[in-house]
Amino acid sequence: DKDCLKIWESLKDAFIYKDPCNITSEDYQPLMELASHPIPCNKSLFWSKTSDLAHRYTKSNQNFLTLEDTLLGYMADRVSWCGDPSAPGINYESCPKRSECESNPSSVFWKTASKMFAEAACGVVQVILNGSIEAGAFRSSSIFGSVEIFNLNPAKVSAVHVWLMHDIGGPRSESCSGHSIKRMKSILEERNIMITCEDNYRPVQLLQCVRNPDHIDCRLCTNTT
Amino acid sequence: MKNLFLSLLLVSVLFMTSSLEVQGRKWKGEGTTPNLESIVIGRCYDYIRILNPAVGEKNCSEIWEAFKNAFVNKDPCSILPKDYELFINLSLHTIPPNKSLFWENNQLLVNSFAARGRRYMSVGDTLFGFFADFLNWCGQPNSTGLDYESCPTTEECENNAVESFWRMASSTYAQHSSGEIHVLLNGSAVGGAYPEPGFFADYEIPNLQKDKISQIVIWVVDDIKGPDIDSCGTHTVERLENRLKALGYDITCTDNYKSVMFLLCLDYPDDSKCTLSSSAAAAQRGPMSSERGGSWNKLTFLSFVGFLFRFALVY
């Protein structure tokens, strides 16, 4: 059982009346402790540059959970907040972007929550990556590539399954044999975590086909009238 | 003898306790959802600020009060759809043309397919529908409190708070729908894809505004592993088609509409109905894994040879 009002208070205390460019992970510790809950093994689903697809997938398949399907992520998703030293302490007009200052309340929140989500993962974990972007499917500049992958616990996580998806009709910039996947592989193997990779994992591809039912890549074998 | 007496005593005590419990619960249905007020007010703000800010400014506290006043302090079997009139007036907003999606016997599928109003706007994607979806509530006479223990089911009495709410919401939704209307039916449903009585039959079709509707598109989709009980032109769907045609609507009907099929296929990707002709070829290549060290090592070796070759060329 969770005390939702207390959780709100701990979120508010993390940023209210504070300089919005000087937020730390420690500010969010009380919130993290109150709102965290265990994640069943083999259910963690990470994602990078595949937000819409990953979340549509967990919505239709209750076997997997993204950070945004946990209590903490669900509460904060699509919502923004920041404080200001002057009254009323919450700034409803504007908040600093990441480019203006990195230690803003939102960026620090998601970084801290992502770290916790990765630490809580156990068993086999899944990640949906985007093989249609030029910058590469696995990027060190992303939260997955810089925070989550390094906070998976090798004592709890046995393997990472990569589902490398290409946009329907989109470019095949990278596939499982690509450079960034190799880099990801070496990072994980150094940490003693096994990795497998599959191009266009079928269930997720079926989801892409919902939006492109008439595309040539979405032709069904049986001709249904 | 003593043991038998004790067992009989135990059994009668248990029986009495359980029947007392049943007497304590007034009704057969689940009670009001705990924290109902916080949930619905939160949903209201979630909707107007994030999900669909196009609806403009709404007074969420006022909407909650109007909702509550429809059923509190009354006999929970005497609630009528028009008791929700003020609630509807306060929460109503335009439904974009061509986006209405009606349904029967496939609520979770419709939720996924409508994508929270981005593709289609089902009744659960309107403010008034989103407000109450999946929740339960009822009041009691001579008290402004909600009954959290039990609520009447529709079998116990039709004019209960939840049933009347959805009758009102469905009628309103149909009244404000326009353009191309879609209806998603379950071809595997026992009793037929188009149930009568049913919400679509009794509260939605009668409230459609004919002059605002260009066409009615019917989709009949079977469960992947389900029987093909109904299809376009047969049984209950034929009855629906005839009814709509008699009312003067231009209609089309499609069996197993592909977009929806793909969604159902998520749970059965290997079923023959779900095989993609492109992936039949891909399956031969297979997934790459670090266990099959061979393919990774071969690639590394080839890259190294390629690098050496290029190096040699340059120098």
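Is B:Asp125 buried or exposed, and why?

Modeller: This is a predicted model, in which local features need pLDDT of at least 70, side-chain atom pairs count only at pLDDT 80 or more, and totals for chains, interfaces and linings use all residues. Residues are numbered from 1 along each chain as its sequence is written, chains are lettered from A and ligands numbered from 1 in the order in which they are written, and side-chain values use heavy atoms, without hydrogens and water.

B:Asp125 is buried, because its relative accessibility is 4%. Buried means under 20% relative accessible area, exposed over 50%, and partly exposed in between (1.4 Å probe, protein chains only). B:Asp125 sits in the loop between helix H5 (107–114) and helix H6 (127–132) of chain B. Helices (H or I, at least four residues) and strands (E, at least two) are DSSP runs, numbered from the N terminus. The side chain of B:Asp125 makes a polar contact of 2.5 Å with that of B:Arg116. A polar contact is a pair of N or O atoms within 3.5 Å; within protein, one must be able to donate a hydrogen and the other to accept it, and residues adjacent in sequence count only if both atoms are side-chain atoms. Beyond its neighbours within four places in sequence, B:Asp125 is in contact (heavy atoms within 4.5 Å) with B:Tyr47, B:Ala114, B:Arg116, B:Gly117 and B:Tyr120.

Now the cysteines. A disulfide here is a pair of cysteine sulfur atoms within 2.5 Å. In chain B, with bonded cysteines numbered in sequence order, the pairing is 1-2, 3-6, 4-5, 7-8, 9-10.

One of the disulfides joins B:Cys138 and B:Cys151, with the sulfur atoms 2.1 Å apart. The link is left-handed, at -85° about the S-S bond. B:Cys138 lies in the loop between H6 and strand E3 (150–151) of chain B, and B:Cys151 in strand E3, so the pair ties together parts that are 13 residues apart in sequence. B:Cys138 and B:Cys151 are both buried.

Another disulfide links B:Cys265 to B:Cys274, S to S 2.0 Å. Its torsion about the S-S bond is about -80°, so this disulfide is left-handed. B:Cys265 is buried, at a relative accessible area of 1%. B:Cys274 is buried too, at 0% relative accessibility.

A:Cys221 has its closest cysteine sulfur in B:Cys274, but 11 Å is too far for a bond. A:Cys221 counts as partly exposed because its relative accessibility is 45%.
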